[in-house]
Amino acid sequence: MEIEEDEERRRQRKLEEALEVKSLRRIISAYLNYPEAAEEDVRRYEKSFKKLPPAHKALLPHYPSKFQNLRRCISLNSYFIFTMLQAFEPPLDMSQDVDGCKDPHLENFEHGHCHSEERNASSCQSASTSGRMCCSNHAEACPQEKSNIMSNPTTEEVKSEQQHEPIFGSGAGEVENNNEIAECCSNDVADSNGNAFSSPHDWLDPSLQLNVPLVDVDKVRCIIRNIVRDWAAEGEKERNQCYEPILEELDAQFPNRSKESPPACLVPGAGLGRLALEISCLGFISQGNEFSYYMMICSSFILNHTETTGQWTIYPWIHSNCNSLSDNDQLRPVSIPDIHPASAGITEGFSMCGGDFVEVYNDSSQIGVWDAVVTCFFIDTAHNIIEYIEIISRILKEGGVWINFGPLLYHFADMYGQEDDMSIELSLEDVKKIAFHYGFELEKEQTIETTYTTNPRSMMQNHYHAAFWTMRKKRTTTT
């Protein structure tokens with residue numbers, strides 16, 4: 001009987017890993033499909049332009065050159081994406097045969113931090129399979145012994161002033177045309193000096209590339225906008241609106257931080273890692289937790305493979321012609337990153353843990369571990385927000401603080417037709433009542449107006465009136 005149970009567990013683990021590989025292939029394929037999907041958009045623009053009467057075309061003599069400029073921007077975005085993929089080391093065997101695996105949840109899109117004016121509540125969320133990414137043994141798979149910031153999507157510790165070997169020389173190269181981009185996974189990628197670099201990764205072979213729905217490629221565009229929010233000077237205004245109040249509150253809550261024994265802060269839904277890094281720079285042992293492989297692949301690249309500030313140039317606003325003040329605004333470049341992460345002054349112990357928040361932290365080893373939990377645009381990503389709050393309470397030490405910032409744009413509110421899915425969508429009043437039930441006391445509360453991955457020069461600006469609070473977990477009274 002015991003042998004049969006062991007065999008069943010092995011079979012289940014193998015199936016879960018195969019499903020994870022299938023999901024990761026789909027996400028990598030979404031990145032690889034970016035240039036062709038973007039080129040298809042440009043062809044659509046050209047097709048519409050050609051339908052204009054000659055007199056109307058004459059009024060737009062600059063349009064053909066605009067289309068070519070769009071293609072140049074797509075090429076540069078693609079170069080960044082493919083360089084990022086070549087630096088990625090998958091934590092799984094990507095060569096295994098997963099064609100026979102069926103996953104009923106593959107079409108469910110978990111959160112992707114895309115509270116953008118260009119999406120509804122569920123249009124830009126990342127796919128997953130087994131509910132985790134790399135913490136396959138849950139919290140036990142999050143060791144605190146590694147030296148990278150995040151060389152793979154698992155939990156790994158940081159050393160300040162970490163030195164990184166160059167990936168592709170200057171990193172600011174331009175690929176000549178879209179055909180070259182489309183082939184660069186099997187052939188060579190060239191930098192700005194014409195140096196060619198061959199892909200060492202078999203899993204980037206075009207034969208393994210999947211045809212993915214356009215909604216998956218939309219998530220890649222979403223990531224490009226998120227890069228601006230977290231790692232560009234242009235995103236500083238949003239970071240000041242969202243991150244600065246959190247950092248100031250953490251600083252006030254822990255005024256006498258010890259370098260020998262710094263307080264520990266968890267950041268679920270860490271996205272591309274900037275907030276978790278800033279918390280580390282404040283003198284906390286900071287751990288970011290992220291579920292989306294889209295996010296994790298990109299954050300790993302920026303955190304671990306950046307050599308200088310402004311190393312890369314991307315064009316985040318080229319994917320929409322709507323609400324543009326001018327072509328120059330739409331085509332403007334954005335340099336990233338605005339800081340060199342490894343030189344930012346991080347505290348020893350900074351880490352990123354890949355996996356589903358519930359699966360990773362709903363573990364006995366996490367009970368009473370954290371001095372603070374910071375949730376920024378996160379709690380509305382839950383299927384069951386009550387479960388999130390319960391876990392946050394459980395993992396905090398007595399007297400620990402929960403700092404929250406964000407709206408309640410429940411990510412699964414519009415997911416119809418999924419029989420085994422659920423979405424608990426509470427009002428802010430009910431969210432606070434649930435928090436009180438799980439032992440929290442409200443210390444501070446205010447509403448802050450902010451945006452999320454918004455083009456600051458767009459004619460349309462969606463603003464959130466975000467809830468910002470500090471709650472403290474009550475201490476148990478002893479008699």
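Helix α4 (residues 63–87) contains 25 residues and reaches 36 Å from its first C-alpha to its last, close to the 36 Å expected at 1.5 Å a residue. The expected span is 1.5 Å times one less than the number of residues. Helices (H or I, at least four residues) and strands (E, at least two) are DSSP runs, numbered from the N terminus. Of the 25 residues of α4, 19 are buried, so this helix is largely enclosed by the rest of the structure. Buried means under 20% relative accessible area, exposed over 50%, and partly exposed in between (1.4 Å probe, protein chains only).

The model is predicted: local features need pLDDT of at least 70, side-chain atom pairs count only at pLDDT 80 or more, and totals for chains, interfaces and linings use all residues. Residues are numbered from 1 along each chain as its sequence is written, and side-chain values use heavy atoms, with hydrogens and water left out.

Helices α7 (residues 236–253) and α8 (residues 274–281) pack at an angle of about 35°, and their axes lie 11 Å apart. Axes are lines fitted to C-alpha atoms, for helices over the stretch in contact, and angles run from 0 to 180 degrees between N-to-C directions. The crossing is right-handed (the near helix is turned clockwise from the far one by less than a right angle). From α7, R239, Y243, I246, L247 and L250 meet R274, L275, E278 and I279 of α8. Contact means heavy atoms within 4.5 Å. By class, this contact has six nonpolar, no polar and three charged residues. Ala, Val, Leu, Ile, Met, Phe, Trp, Tyr, Cys and Pro count as nonpolar, Asp, Glu, Lys and Arg as charged, and the others, Gly among them, as polar.

Strand β6 (residues 285–290) pairs with β9 in the parallel sense over four bridges. Pairing requires at least two DSSP bridges between two strands. E290 has G354 in β9 as its bridge partner. Within β9 (residues 351–354), S351 and C353 point one way, M352 and G354 point the other way, and all are buried.

Most residues other than glycine have a negative phi, and most peptide bonds are trans. The peptide bond from I336 to P337 is cis, with omega near -10°. P337 lies in the loop between β8 (334–336) and β9. F377 has a positive phi, near 50°, and sits in the loop between β10 (370–376) and α12 (385–395). F377 is buried, at 1% relative accessible area. T453 also has a positive phi, about 45°. Its loop joins β12 (440–450) and β13 (464–473). T453 is buried too, at 3% relative accessibility.
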